[in-house]
Amino acid sequence: MDTSMTPEHLLSQVNHFWGMLDDMAENNPQSYQKFMQRHLEEGKEFMAPPEPHWCLQTKILEPDERLFFINICGWRRVPAPESDGHPVPLVAGELVDMTDGAVISIAYSPEILKKADEDPVEKDQLIRLAMKYIEQQLRVLLCHSYRITPFKLKGAAQQMRNSLELKGKKPRKTKGKNEEVPDRSLLEQLRNIALKEEKPKPSIERMTESKTKPKVGLIEVISSTELHEDPPGPPQCDLPPPPQYDLEVIRDKSGKTQKLVLTAQLQGVRSVSSCDLNVSKDDLLLEVPGTYRLCLDLPALVNEDTVTAKYNKANSSLTVSMCVL
């Protein structure tokens with residue numbers, strides 16, 4: 001059904017539809033019951049509230065450093081991307097301050113979360129998309145290292161649902177299109193007419209995944225000028241400069257990446273206790289408060305459990321070894 005038609009035209013179609021249902025109920029009661037049951041189940045599923053899926057713990061670095069939790073939820077009202085090449089829709093709730101930090105809820109389609117559960121790379125990309133969206137919309141700088149908590153939800157379930165359901169903005173339109181996000185069944189469209197003045201649809205954003213490919217070579221030495229990028233966040237953030245460093249990408253004879261080795265020169269740092277190192281699957285954050293800050297997107301996914309770090313006092317260098325997955 002064309003969602004661009006006017007409410008009056010749609011209601012005319014609905015009247016015709018109800019006439020067809022009356023005929024079906026009279027002439028074929030069994031088919032009528034199956035039809036109604038199927039659409040009632042679709043409507044019930046669509047109207048189900050968002051459900052917690054993962055909870056992430058990281059930190060807000062700027063403007064004020066504090067713990068930060070991200071509830072990743074599944075919600076039927078969020079459509080799946082049309083294809084792998086299309087942007088990923090999401091719905092974001094409001095930032096909520098808590099005694100031990102802050103929390104925000106992000107909702108994806110349950111279909112895309114199911115795929116992510118089966119693919120660690122897909123899962124990490126969805127998490128990175130959520131973090132990128134939060135940085136862009138809230139004008140904050142996040143630590144890109146994170147951990148998935150043993151609990152699925154931070155805060156109360158009703159608070160999470162209210163935050164997502166009552167965002168209260170009209171869906172943004174896709175660039176180059178005038179129609180809103182299409183509904184998935186007739187019952188959804190009928191309900192949207194009935195509730196048009198009562199509760200606006202949630203704001204659905206679309207985030208594009210970015211994928212990078214490692215360069216080919218047996219042992220590749222990458223200097224800081226080649227890899228360093230300014231971390232995302234508010235342009236007014238005055239962050240410490242990065243230290244001088246080298247990143248070695250070590251490969252076997254077949255060209256397969258085996259290991260990443262970072263060597264950072266930390267002049268003026270007398271103790272490793274002054275360093276804060278966080279390594280996730282695809283990025284690294286090294287901080288010496290007030291002195292150095294290095295944030296890198298790694299050229300290959302690494303095993304976080306095998307990361308080792310050694311500090312050489314003689315030349316004030318830190319060596320971080322990371323085995324590739």
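Where in the protein is confidence lowest, and where is it highest? This is a predicted model, in which local features need pLDDT of at least 70 and side-chain atom pairs count only at pLDDT 80 or more, while totals for chains, interfaces and linings use all residues. Residues are numbered from 1 along each chain as its sequence is written, and side-chain values use heavy atoms, leaving out hydrogens and water.

**Confidence**
- pLDDT is the predictor's confidence in each residue, from 0 to 100, and its mean for the protein is 75.
- Confidence is lowest in helix 7 (residues 224–227), with a mean of 35, and highest in strand 2 (residues 66–74), at 92.
- Helices (H or I, at least four residues) and strands (E, at least two) are DSSP runs, numbered from the N terminus.
- Over residues 209–237, pLDDT stays under 50.

**Helix 3**
- Ile112, Leu113 and Ala116 of helix 3 (residues 110–118) are buried, meaning under 20% relative accessible area, with exposed over 50% and partly exposed in between (1.4 Å probe, protein chains only).
- These buried residues line one face of the helix, because they fall within an arc of 100° seen down its axis; the arc is that of the directions from the helix axis to the C-beta atoms.
- Turned away from that buried side are the exposed residues Lys114 and Glu118.

**Nonpolar cores**
- A nonpolar core is a set of buried Ala, Val, Leu, Ile, Met, Phe, Trp, Tyr and Cys residues joined through side-chain atoms within 4.5 Å.
- The largest has 26 residues, and Phe68 and Ile106 are among those with the most contacts (heavy atoms within 4.5 Å) inside it.
- Helix 4 gives the most to this core, with seven residues.
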